[in-house]
Structures are given as structure tokens and as C-alpha cells.
Amino acid sequence: MIIFKEKKSLSFYLDSLRKEGLKIGFVPTMGALHQGHLSLIQAASEVSDMVVCSIFVNPAQFNDPRDFEKYPVRTEEDIQKLLGTSTGILFLPSVPEIYGETMDGLETYPFGDLENILEGTFRPGHFQGVGRVMSRLLKIVRPDTLFMGQKDFQQTLIVSKLLNILNINIKLIICPVIREKDGLAMSSRNLRLSESARKKAPVIHRTLSFVKENFRNQPFPELLEKGKAFLEKEGFKVEYLIIADRLRLETLREPIKDPMLCLTAAWLDGIRLIDNVFL
Ligand code: AMP
């Protein structure tokens, strides 16, 4: 595995691979790697000749500066984990390498309603930050295929929109949510859960499973109220628990023929957790 810290040398190297006809797969991450990240790398290796993984904790996507400061950084452990995978290149840029000397006056993207609902409501500006970092990373790596997790479902829709806005031909593959044995969706933020919160955290997935089991025989608003009450009883502060369509994430009050998801975000012991399932 080759580690690059400079975008110029990475682009130059990748150009030489492209000239040889190699297909490039890209897995962008913020590090503190877990099996969820490694599953994206595995998926990338199945269809690519070269897998590029990036680790960059992107300041532009944190609406809460304290969350950014507390975000787990585990670079040495991450490198060891990646050495056991088929990652050929790790990109480890600094903040100035991505954004230059200042982050003032960055561009904005016309994501429309999608950036103001759900995650966007509770994390204002988050998706502009995602757009800013992804546009830069994609211009540096110029992959054939990009791999992202269903765990951050709304983010996959935003990135899909970004690819249209930038008019670049990159195939986006969305990989399934990898979970702990007790159902908790793997997340770098789980490292910050206290022992007692970690024990309660799987209730999120149990609630989503409850909705999945019952959405055919109960009105959505009633069912979601029950789910919310279930979470609140266990000490969660629920930001949203909704059933939505797959394309625009619009709230549904009754079933539709197209694919539907149940999505949630909830706080437990000062940590914000998100998860979703297809119904
Ligand atoms: P992050 O490091 O949290 O920015 O995540 C990097 C990528 O890994 C994103 O595309 C996430 O959606 C994906 N990811 C995070 N957690 C999981 C998981 N539990 N299963 C599958 N993919 C995940």
C-alpha cells in the first residue's frame, strides 16, 4: 500500500495507472475504520484494479465544532487495518492540502430540498460540507467507481446529485449497512459511547426492525409514534423516525409501490446515532 499526503503526486500516479487502462475504485472515509469501511473496500476490490481509500476528517461538514474536535482519530491503527485489505493507495491529506490556506468563501451546491430535510434539519450546512469535500476528492482521484454506505443514505443521494451537478461520469455503488452482532450499525462514533450507552444502543435497530415487521398492518403515524416512545423509554432523544421514499426521502403516511425506508437519528448519552433499513 502506498500512502500519499499530497494531491499532486497522487493525481500524477493515478494518471499513469489510467494510461495503462486500470480501473480505479474509491472509498472515501473519515477514519477510525471498522468492518463497515472494510466492506466498502472489499466491494471496491471486486470491480477495480486499484482501490484508493482516503482518510480525511472534513472540518467543513461538522456543524458542531465540538463534534469535530472529539471525532476519533486512529491513523496508525487504520493503516494496520488497511494493510490487511486490498487497498493499494491510502490518501491522507491535511486540511490545507484539500482546502488551501483558508476555508472562507467556499462554493455552494444547489442540492435543493434534499439538503434541508432530516439530517439537513438537524445539521445545518452539513451537506454543503459533504459536497465541498467530495467534489475536491473526486477531482483528485477521478475514480471509475465510488463506494459509499447505505448507513448514510441521505448522503448517498446528495453525492449522486453532486455527480450530476459536476457532470462527471463516476458510477456510485451503495453498500449495505454492516452491523455488530447485536444489530448496532457500525460507526466510528460508537467508540465514544459509554459502557451503559453501548448496551442500550442496539434498541435503535430493534425499533427499525419493529417498524419493518409491522408497516403492512398499522397506519404509519401510529406505528412511528410507538417506535419513538420505545426509544424514548430507553433514554434516547429522538430527532426523527420516519418512513420515506427512496428517491427524495419525502415523509410517507401510507405505503407506496416504490421502495421505502425507515430512517432515524437519535441521541444517546451525548452521542448522535443514525440508522436506516429498507422496508
Ligand atoms: P465515515 O468514515 O463515517 O465518513 O464513513 C465512510 C463511508 O463508510 C461512508 O460511505 C459510510 O456510509 C460508510 N459506512 C459507515 N458505517 C458503515 C457501516 N456500518 N456499514 C457500511 N458502510 C458504512
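Which residues point one way from β2, and which the other way?

Author: A note before the details: this is a predicted model. I24, F26 and P28 point one way from β2. G25, V27 and T29 point the other way. Both sets are buried. Strand β2 is thus mostly covered, with six of its six residues buried.

Now the surroundings. β2 belongs to an open sheet of six strands. The order is β1-β4-β3-β2-β5-β6, and the pairing is parallel. The edges belong to β1 (2-4) and β6 (171-175). Each has a single partner strand, so one side of each is left without a neighbour in the sheet. On average, neighbouring strands of this sheet are turned by 25° against each other, direction ignored.

Take the β3 side of β2. Six bridges join β2 to β3, and the two strands run parallel. Within this pairing, P28 stands opposite S54 of β3. The chain gets from β2 to β3 through helix α2 (residues 35-47). This β-α-β crossover is right-handed.

Then the β5 side. Two bridges join β2 to β5, again with the strands running parallel. Here F26 has L146 in β5 as its bridge partner.

In general, strands of a sheet pair through backbone hydrogen bonds, either parallel or antiparallel.

Further along the sheet, β1 meets β4 (residues 89-91). Three bridges join these strands, which run parallel. I3 stands opposite L90 in β4.

Helices pack on the sheet too. Helix α4 (residues 75-83) touches β1, β3 (50-55) and β4. The direction of α4 makes about 165° with that of β3. Helix α7 (residues 126-141) also packs on the sheet. Helix α7 touches β2 (24-29), β3, β4 and β5 (145-149). The direction of α7 makes about 150° with that of β2.

D275 is found in β9 (residues 271-278). D275 has a relative accessible area of 4%; buried means under 20%, so D275 counts as buried. The side chain of D275 makes a polar contact with the side chain of R179, at 2.8 Å. Leaving aside residues up to four places away in sequence, D275 touches a set of residues including V177, R179, I204 and H205. C262, L263 and T264 are also among them. F220 lies 55 residues from D275 along the chain, and their C-alpha atoms are separated by 18 Å.

Note on methods:
Residues are numbered from 1 along each chain as its sequence is written. This is a predicted model: local features need pLDDT of at least 70, side-chain atom pairs count only at pLDDT 80 or more; totals for chains, interfaces and linings use all residues. Side-chain values use heavy atoms; hydrogens and water are left out. Two strands pair if DSSP finds at least two bridges between them. Helices (H or I, at least four residues) and strands (E, at least two) are DSSP runs, numbered from the N terminus. Axes are lines fitted to C-alpha atoms, for helices over the stretch in contact, and angles run from 0 to 180 degrees between N-to-C directions. Contact means heavy atoms within 4.5 Å. Buried means under 20% relative accessible area, exposed over 50%, partly exposed in between (1.4 Å probe, protein chains only). A crossover is right-handed if, with the strands pointing away from the viewer, the path from the first strand over the helix to the second runs clockwise. A polar contact is a pair of N or O atoms within 3.5 Å; within protein, one must be able to donate a hydrogen and the other to accept it, and residues adjacent in sequence count only if both atoms are side-chain atoms.
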